[in-house]
Protein chains: 2
Amino acid sequence: MAAPSEKHDVFQAIADPTRRKLLHMLAEEEMAVTVISGHFPMSRTAVSKHLRVLSDAGLVRERKVGRETRYRMDPDPLLELKRWLNYYERFWENKLTALKRFVENDEDDNGRAAEDTKI
Amino acid sequence: MAAPSEKHDVFQAIADPTRRKLLHMLAEEEMAVTVISGHFPMSRTAVSKHLRVLSDAGLVRERKVGRETRYRMDPDPLLELKRWLNYYERFWENKLTALKRFVENDEDDNGRAAEDTKI
DNA sequence: TTGACATGAAACCAAAAGGTTTCTTATGAT
DNA sequence: ATCATAAGAAACCTTTTGGTTTCATGTCAA
């Protein structure tokens, strides 16, 4: 997995379902690796590597407490995703506009299907 | 690449930079494969396969016009991403609250650094 | 100080991902 | 009819990914 060589970005980091589940768990609570990995059907080491990917992307932060390492989510990098997504906002607004136009036409010539107004 | 076997989801689809660039291009304009692939430093076939992944995720739509196939973005699946992201909204709001608290404390005992208020 | 727990590092592996080249099949233009 | 163009399908190759098991190191408890 994640040969933790270089940096991973947010897009890659959240691409994996396991990692999304990890984020979800670590959003509320800080947790130690063993505890975390208890919730996954894979080895502790595998979970550890996923955590590393998330860490590379800046999505989690680790803290050593005695002999354990506790992880917690850091939401900051999600802002990049948000900005990316924001760009496309207008496109589905356009689709809504098209839908609205369709509905209005439908009210006018009541009952008959408006041809070619692909929504 | 993308052995176009099963469905790909949005998260996977946008994980790759090339595919994000594709989306960006196809958001405005419908384009034919050859034209599209002219903008990438890889073979037409490779681009074609990326398009397939996007298509699997529902992020692009294809239309045959004569001997060419034109692709255009469909923003709908991005709503899933938006909802996913939405869930984490409150977490960085929390961070902002913490920042605000920090700034206010800083105004009080003006000049001295507020220890341990990690933002 | 000895033993048990917590975790990362290493070495390894199979499958998926990203890419290439070659072949086929439609469709258009002459 | 014939030739060129557009694009997906197939077969193939290399690197990355997700996972495993084993080993090493640090810390806590008796």
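R20(B) lies over the face of F11(A), 3.9 Å from the ring centre. Turn to the other copy of the ring, and the charged end of R20(A) sits over F11(B), with 3.9 Å to the centre of that ring. All of this comes from a predicted model.

What about the rings themselves? A pair of aromatic rings is described by how far apart the centres are and by the angle of the planes. Over all chains, the count comes to 10 aromatic pairs. Take F11(A) and W84(A): the ring centres are 5.6 Å apart and the planes meet at 75°, which is over the 60 degrees needed, so this pair is edge-to-face. F11(A) belongs to helix 1 (residues 10-13) of chain A, while W84(A) belongs to helix 5 (residues 78-108) of chain A, so the contact ties together parts that are 73 residues apart in sequence. Both partners are tucked away from solvent: F11(A) is buried at a relative accessible area of 3%, and W84(A) is buried as well, at 15%.

A second pair, Y88(A) with F91(A), has ring centres 6.0 Å apart and planes at 40°, so it counts as tilted. Here the two residues share helix 5 of chain A and are 3 residues apart, or about one turn of the helix. Y88(A) and F91(A) are both buried.

These contacts join up. Ring pairs link F11(A), W84(A), Y87(A), Y88(A) and F91(A) into a cluster, and F11(A), a member of that cluster, is the ring with R20(B) over its face.

Terms used
Residues are numbered from 1 along each chain as its sequence is written. Chains are lettered from A and ligands numbered from 1 in the order in which they are written. This is a predicted model: local features need pLDDT of at least 70, side-chain atom pairs count only at pLDDT 80 or more; totals for chains, interfaces and linings use all residues. Side-chain values use heavy atoms; hydrogens and water are left out. Rings of Phe, Tyr and Trp (its six-membered ring) pair if their centres lie within 6.5 Å; planes under 30 degrees apart count as stacked, over 60 as edge-to-face and the rest as tilted. Helices (H or I, at least four residues) and strands (E, at least two) are DSSP runs, numbered from the N terminus. Buried means under 20% relative accessible area, exposed over 50%, partly exposed in between (1.4 Å probe, protein chains only). A charge sits over a ring if NZ of Lys or CZ of Arg is within 6 Å of the ring centre and within 35 degrees of the ring normal.
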